Amino acid sequence: MPPIRQRLIQSLFEDYIEMYASRDERLITCFSENFSGYAGSSDVLVSDRAEWVRITKLDFAQVPERLHIEMLDLALQDLADDVVAVTAFFHIHLPFPENILARETARLVLIFRLEGDAWKIAHSSISIPFGLAGDDEIYPMVNLRERNRELEALIETRTHALAEANRKLEALSNTDGLTGVANRRSFDQALSREWDRGLRSGAPLSLVMLDVDLFKHFNDTNGHLAGDACLQALARLLAQSGRRAGDLVARFGGEEFVVLLPETGGDDAVKFANHLLDEIRSLALPHAGVPAGIVTASLGVASLTPSRNDPPEFLVEQADRALYRAKQAGRNCMYVADAPRTD
Ligand SMILES: Nc1nc2c(ncn2[C@@H]2O[C@H](COP(=O)(O)OP(=O)(O)OP(=O)(O)O)[C@@H](O)[C@H]2O)c(=O)[nH]1
């Protein structure tokens, strides 16, 4: 095709598409009196100019703001001295967020004929492949809005479900699977948090560490499942005997539990530990391997005011040492770190 013809067809198309995108009503003057074509997403055959003008005005009224036409492909044809054709593929981006039309490919065929000294559109076939448009709609706006609403509702539901799943996952990752109390990871976080809080407030922090006595024997005699049930019963007891909302009961590992007592001094921690000893005894779970004949535990208690000179683990070390002394002393008793034994 001679370049001059190519430029002519190109500029006819570009003028048309600019008027269409900018909602310029001068577009109407481009139509031939002898016009026929297909309109919008409804694929209606229009064979008189007046009807086409009505449809164009409806189109502009439905979306008065500028559209963005994203061209995908374009073919220019020089059919005769006075007839040229353009075929274009593009996405139409409406001036509001929507995910349907923007992804569909619109097809446009324009046939221009030279009438006197002006090129007029004798045929136009724009197809927005939908069939979704309602009566008197060029764009399927009712449907698009409805689908957007449905999508938003779906996203909200999914977001909610995701948040709930995350919450459950978070809870699971902080919980000991067998006993349902906090796990070691959760305890480590709580200890570090409460240690920092104690550093700021100067309040004391206490830890009770508890280890079931001769639990290996319990397992060997009663079986591992009975051992599990025993640990579960003890965890329930501990969880119920927490005194304040801030107290944390956790499984430290194996048959060892801890209770972290924020803002609690030595005297109160000892009282609490003694209370635990009594409660465990009153559970009266049979245990043939210990002198008492029932499940007992040994407890180590540590109490201190957090200091910048020590890491939080210092509290655990202290409680662990006290617990070791309780075991050495014959079990079923409590020792306080760096303090004489109490029963
Ligand atoms: N059933 C069961 N047993 C566990 C679990 N975790 C640890 N144990 C058992 O706990 C027992 C701990 O035994 P040891 O560390 O020897 O201590 P112990 O027999 O309790 O003796 P002392 O601590 O000295 O009183 C082992 O037999 C472990 O198998 C568990 O989740 N379920």
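A polar contact here is a pair of N or O atoms within 3.5 Å; within protein, one must be able to donate a hydrogen and the other to accept it, and residues adjacent in sequence count only if both atoms are side-chain atoms. The model is predicted, so local features need pLDDT of at least 70 and side-chain atom pairs count only at pLDDT 80 or more, while totals for chains, interfaces and linings use all residues. Residues are numbered from 1 along each chain as its sequence is written, and side-chain values use heavy atoms, with hydrogens and water left out.

Now to the ligand. A backbone N or O atom of K216 sits 2.8 Å from one of the ligand's oxygen atoms. A polar backbone atom of H224 is 3.0 Å from a ligand nitrogen atom, and a polar side-chain atom of E255 lies 3.3 Å from a ligand oxygen atom. On its own the ligand has 660 Å² of accessible area (Shrake-Rupley method, 1.4 Å probe), and the protein covers 68% of that.

Next comes I92, which is part of strand β4, residues 83-93 (strands are DSSP runs of E, at least two residues, and helices are runs of H or I, at least four, numbered from the N terminus). I92 is buried, with a relative accessible area of 1%; buried means under 20%, exposed over 50% and partly exposed in between, using a 1.4 Å probe and protein chains only. Beyond its neighbours within four places in sequence, I92 is in contact (heavy atoms within 4.5 Å) with residues including L67, I128 and Y139. A106 is also on that list, and its C-alpha atom is 7.1 Å from that of I92, although 14 residues separate them along the chain.
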